Amino acid sequence: HVASTLQETKHMIRDEEYADIDWNNLGYGIIKTDYIYKAKCTPNNTFEQGQVSDYENIELSPAAGVLNYGQGIFEGTKAFRGENGRILLFRPDQNAIRMQIGAERMCMQSPSFKQFVDAVKQTAIANKRWIPPPGKGSLYIRPLLIGSGPTLGVSPAPEYTFLVYASPVGNYFKEGTKPLNLYVNTESHRATSGGTGGVKSITNYAPVLKAISRAKEQGFSDVVYLDSVHKKYIEEASCSNIFLVKGNVISTPATIGTILEGITRKSIIDIARDLGYKVEERLVAVDELMEADEIFTTGTAVSVATVGSVTYNDRRVEYKTGDELVSQKLYKTLVGIQVGKTEDKFNWVVEI
Ligand code: COI
């Protein structure tokens, strides 16, 4: 099975509406779906026309740039099943732009805006039977751009591969939608000024695994990182941006190169302003976190996650929880837009 265009892809979808899995217990593990999108290119060229084909392992040279020197970036976006079986994507254009910015930083060729968005649409449609029923989760779509060509010296790879695969997902955290217990890490940092913290480089993630593992061993859900210079300002959690609420004001760290410009982050800022909150993007000291009324984190994978407690230097602060929280209002509005139930006044949703 191979298809190059959205039209061709629509013709190869399997007949059954839903794959035969337990839709009530989706977590965040990888589930093998039917198809993957692939395209290649050599430096200074444009990517070949990509193809959706059967989902299989990929073959790489042991000397591939991505394996040896970490030349790789990725994106994350989701497809939702709305009412009447509509298939909806959320702001794939923003992922396309972010991949181009990341590719430039990591010295890689990037697919064009159109190729990126088409690839995401094709991958979602090809794997349609894996898009969960309404209310059960979403299809997480993972565009991945890697230096696939071999290079022994430290130099850009001589070939790039753009892949898009997908997996049905439920809640990111094992806690489900229960409030998270965050641990402020003072021993290591996620990013430094001039580094790659502001782009979705694969190299941003392995360095936080140790901190996450340690925090989980102690019963925490996730880790908050501090800036590496003053060790005083909060940056982000392991795979999500962080917000605090104090009265009618919502604050989040400004994206100054060390913090990922999350698409959920900026959508929540727009939604919050539209709902009448004042939103500030600025330096946020860790002490403010401890004085806030509410804390929440945002990301494609985590959506909007309410925080129940923050522990910093042996001090634990608990926050109010419940349905009346600002974070719950924002969460409901965001998900409502994503599944087509709430008016999409920002024009974010793309039906395929
Ligand atoms: C996403 O939210 O899409 C992410 O990138 C999180 C992922 C690292 C699990």
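**Notebook: loops, strands, a helix and a ligand shell**

I began with A19, which sits in the loop between α1 (6–11) and β2 (35–41); helices here are DSSP runs of H or I with at least four residues, strands are DSSP runs of E with at least two, and both are numbered from the N terminus. The model is a predicted one, in which local features need pLDDT of at least 70 and side-chain atom pairs count only at pLDDT 80 or more, while totals for chains, interfaces and linings use all residues. Residues are numbered from 1 along each chain as its sequence is written.

Is A19 buried or exposed, or does it fall in between? I find that A19 counts as partly exposed, because it has 17 C-beta neighbours inside 10 Å; the scheme calls a residue buried if 20 or more other C-beta atoms lie within 10 Å of its own, exposed if 12 or fewer, and partly exposed in between, with C-beta atoms placed from the backbone. Leaving aside neighbours within four places in sequence, A19 is in contact with R129 and W130, where contact means that the C-beta atoms, placed from the backbone, lie within 7 Å. A19 and W130 are 111 residues apart along the chain, yet their C-alpha atoms are separated by 5.7 Å.

I then looked up P134, which is in the loop between α4 (113–126) and β7 and counts as partly exposed because it has 16 C-beta neighbours inside 10 Å. Not counting residues up to four places away in sequence, P134 touches R81, G82, E83 and V339.

Which residues cover the two faces of β5? I noted T77, A79 and R81 on one side and K78 and F80 on the other, all of them buried.

For pairing I required DSSP to find at least two bridges between two strands. β5 pairs with strand β7 (residues 138–147) in the antiparallel sense over 3 bridges, with K78 opposite Y140. β5 also pairs with β6, again antiparallel and over 3 bridges, and there R81 stands opposite I87. The hairpin of β5 and β6 has 5 residues between the strands, and in it N84 takes a positive phi near 60 degrees.

β7 is mostly covered, with 9 of its 10 residues buried. Strand β4 (residues 72–74) pairs with β7 in the antiparallel sense over 3 bridges, and F74 stands opposite L144. I also found 10 bridges joining β7 to strand β8 (residues 160–169), which runs antiparallel to it, and in that pairing L144 stands opposite L163.

**Helix α8**

How far apart are the end C-alpha atoms of helix α8 (residues 326–338)? They are 18 Å apart, which agrees with the 18 Å that its 13 residues should span at 1.5 Å a residue, the expected span being 1.5 Å times one less than the number of residues. The buried residues of α8 are S327, L330, Y331, L334, I337 and Q338. Seen down the axis of α8, these buried residues fall within an arc of 135 degrees, so they line one face of the helix; the arc is that of the directions from the helix axis to the C-beta atoms. What covers them includes β5, β6, α6 (263–274), β15 (294–299), β16 and β18 (349–351). Just after α8, G340 takes a positive phi of about 80 degrees.

Most residues other than glycine have a negative phi, so I listed two exceptions. R91 is not a glycine but has a positive phi of about 50 degrees; R91 lies in the loop between β6 (87–90) and α3 (92–105), and I count it as buried because 22 other C-beta atoms are within 10 Å. D314, in the loop between β16 (303–312) and β17 (315–318), has a positive phi near 70 degrees, but D314 counts as exposed because it has 5 C-beta neighbours inside 10 Å.

**Ligand shell**

Which residues surround the ligand? I found G76, C239, G299, T300 and A301, a residue being near if its C-beta atom, placed from the backbone, lies within 6 Å of the molecule. By class, this shell has 2 nonpolar, 3 polar and no charged residues; Ala, Val, Leu, Ile, Met, Phe, Trp, Tyr, Cys and Pro count as nonpolar, Asp, Glu, Lys and Arg as charged, and the others, Gly among them, as polar.

How values were computed:
Two residues are in contact if their C-beta atoms, placed from the backbone, lie within 7 Å.
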